[in-house]
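Dear colleague,

Please find below the structure that I am handing over to you, together with its sequence. My notes on what was found in it follow directly after.

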Amino acid sequence: MSLGLVALFGHFSFVGFGTYVIYSWDIVEPMVYFIQLAGSIVLGLQFFKTYSDYSNTEFLQYLKNKELKKLCKRDGFDLEQVR
């Protein structure tokens, strides 16, 4: 959750600082568009990979399951037999 907060704060800081201090809106607008487009693509790919809505708990569960499968494969443990 803190990573999302840092990313959100960084995005707003970039837009504000870039628009009013360094550049103008005409220069910052395409950059913001592509940043938001990339975010939409990443969240879309995450949805199609897990077929669940984006939430922190769902994403954390996905990462835990991915790591568990990797560890079971490395150690030769059959997880399907236990379930």
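N56 is found in helix α3, where helices are DSSP runs of H or I with at least four residues, numbered from the N terminus. With a relative accessible area of 44%, N56 is partly exposed; buried means under 20% relative accessible area, exposed means over 50%, and partly exposed lies in between, with a 1.4 Å probe and protein chains only. The C-alpha atoms of N56 and G4 are separated by 9.7 Å, although the two residues are 52 residues apart along the chain.

Please note that this is a predicted model, in which local features need pLDDT of at least 70 and side-chain atom pairs count only at pLDDT 80 or more, while totals for chains, interfaces and linings use all residues. Residues are numbered from 1 along each chain as its sequence is written, and side-chain values use heavy atoms, with hydrogens and water left out.

Helix α3 covers residues 56-75, which makes 20 residues. From its first C-alpha to its last, α3 reaches 29 Å, close to the 28 Å expected at 1.5 Å a residue; the expected span is 1.5 Å times one less than the number of residues in the helix. After α3 comes G76, which has a positive phi, near 75°. L68 is also found in α3, and L68 is partly exposed, with a relative accessible area of 34%. L68 and L79 are 11 residues apart in sequence, and 9.0 Å separates them in space, C-alpha to C-alpha.

How many salt bridges does the count come to? The count comes to 2, a salt bridge being a side-chain nitrogen of Lys or Arg within 4 Å of a carboxyl oxygen of Asp or Glu. One of them joins K70 with E67, with the closest N and O atoms 3.6 Å apart. K70 and E67 both lie in helix α3, 3 residues apart, which is about one turn of the helix. K70 counts as exposed, at 53% relative accessibility, whereas E67 counts as partly exposed at 37%. R74 forms a salt bridge with D75, and here the closest N and O atoms are 3.3 Å apart. Both R74 and D75 are exposed.

I turn next to helix α2. This helix has 26 residues and reaches 37 Å from its first C-alpha to its last, close to the 38 Å expected at 1.5 Å a residue. V28, V32 and Q46 are buried in α2, and the buried residues of this helix pack against α1 and α3. Y51 follows α2, and the phi of Y51 is positive, near 55°.

Helix α1 (residues 2-22) contains T19. Is T19 buried or exposed? T19 counts as buried because its relative accessibility is 14%. Leaving aside residues up to four places away in sequence, T19 touches F14, S24, W25 and V28, where contact means heavy atoms within 4.5 Å.

A nonpolar patch on the surface is formed by F17, Y20, V21, I22, Y23, I27 and M31, with about 750 Å² of accessible area together. Patches are made of residues with over 30% relative accessible area and no salt bridge, with like charges joined within 9 Å and nonpolar side chains (Val, Leu, Ile, Met, Phe, Trp, Tyr) within 5 Å. Accessible areas come from the Shrake-Rupley method with a 1.4 Å probe, and for residues only the protein chains shown count as cover. α1 and α2 (25-50) each supply at least two residues of the nonpolar patch, and α1 gives the most, with 4 residues. I22 is found in α1 and is partly exposed, with a relative accessible area of 48%.

Finally, a search of the whole structure finds 2 aromatic pairs. Rings of Phe, Tyr and Trp (its six-membered ring) pair if their centres lie within 6.5 Å; planes under 30 degrees apart count as stacked, over 60 as edge-to-face and the rest as tilted. Y33 and F34 form an edge-to-face pair, at 5.2 Å centre to centre and with 70° between the planes. F34 counts as exposed, at 53% relative accessibility. The ring centres of F47 and F48 are 5.4 Å apart and their planes are at 70°, so this pair is edge-to-face. F47 is partly exposed, with a relative accessible area of 33%, whereas F48 is exposed, with 55%.

Yours sincerely
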